[in-house]
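Please look over the sequence and the model shown here before reading on. The notes after them are grouped by topic.

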Amino acid sequence: SLEELLEALTSSRSMERIRLSSLDPQEVSDRLISLIASSYILCHHLHIPLQSGDNEILRAMGRRYSTLEVEALIMRIKEKIPDMAIGMDVIVGFPGEKERHFKNTLSLLERIPFTYLHVFPFSPRQGTYAATLRDRIPSGIIKGRSEILRRMSDARKASFYKEFVGRELDVLVESRK
């Protein structure tokens, strides 16, 4: 399992750090959260693809989790690891996404302590089920909704960064620009 692999890697001390990314909500177990909390090597970072904050849209996307499950997961993570950075993917303008669906996404995001968002406008990919769906959302609406989420993300990220001002932390420089 992922947890067993991480336990082996962290106990071997062969790496300076490990950062996990893009785990579906159902892959983030309480055991994994505890492992991250207790390890110096595992970064306090997770990226979780929310995709939508509306259950109807999640079902249309074929996702196997609910907004309630995601909300509970994020709250458990932040309770156990208060300084955890949590990134989330959100797709804007999935076919059939009405204003009420988008408002549900906003409402969920206002309630949960995420750190940043990757906002993606829906784009049909040939050969996928989603590409066959009707009720496409006009690009102007998608652009406006995306901008709202990006502003929310920028504010959350700035707030998260401010929590670390004045603290001394160990860092590992991955690259220089």
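Predicted model: local features only at pLDDT ≥ 70, side-chain atom pairs only at ≥ 80, totals over all residues.

Residues are numbered from 1 along each chain as its sequence is written, and side-chain values use heavy atoms, with hydrogens and water left out.

**Strands**

- Strand S2 covers residues 85-92, and because 8 of its 8 residues are buried, S2 is largely enclosed by the rest of the structure; buried means under 20% relative accessible area, exposed over 50%, and partly exposed in between, with a 1.4 Å probe and protein chains only.
- Helices (H or I, at least four residues) and strands (E, at least two) are DSSP runs, numbered from the N terminus.
- Ala85, Gly87, Asp89 and Ile91 point one way from S2, whereas Ile86, Met88, Val90 and Val92 point the other way, and all are buried.
- S1 and S2 run parallel and are joined by 6 bridges, with His45 standing opposite Ala85 of S2; two strands pair if DSSP finds at least two bridges between them.
- S2 also pairs with S3 in the parallel sense, over 6 bridges, and the bridge partner of Gly87 in S3 is Tyr116.

**Asp54**

- Asp54 lies in the loop between S1 and helix H3 (55-61), and it counts as buried because its relative accessibility is 5%.
- Leaving aside neighbours within four places in sequence, Asp54 is in contact (heavy atoms within 4.5 Å) with Thr67, His101, Asn104 and Thr105.
- The side chain of Asp54 reaches the backbone nitrogen of Glu56 at 2.9 Å.
- Asp54 and Glu27 are 27 residues apart along the chain, and their C-alpha atoms are separated by 20 Å.

**Positive phi angles**

- Gln51, in strand S1 (residues 45-51), has a phi near 75°, which is a positive value in a residue other than glycine.
- Gln51 counts as buried, because its relative accessibility is 8%.
- Asp135, which is not a glycine either, has a positive phi of about 60°, and its place is in the loop between strand S3 (116-121) and helix H6 (139-162).
- With a relative accessible area of 42%, Asp135 is partly exposed.

**Exposed end of the picture**

- Val173 is found in the segment after H6, and it counts as exposed because its relative accessibility is 54%.

Conventions
Polar contact = N/O pair within 3.5 Å; in protein donor to acceptor, adjacent residues only side chain to side chain.
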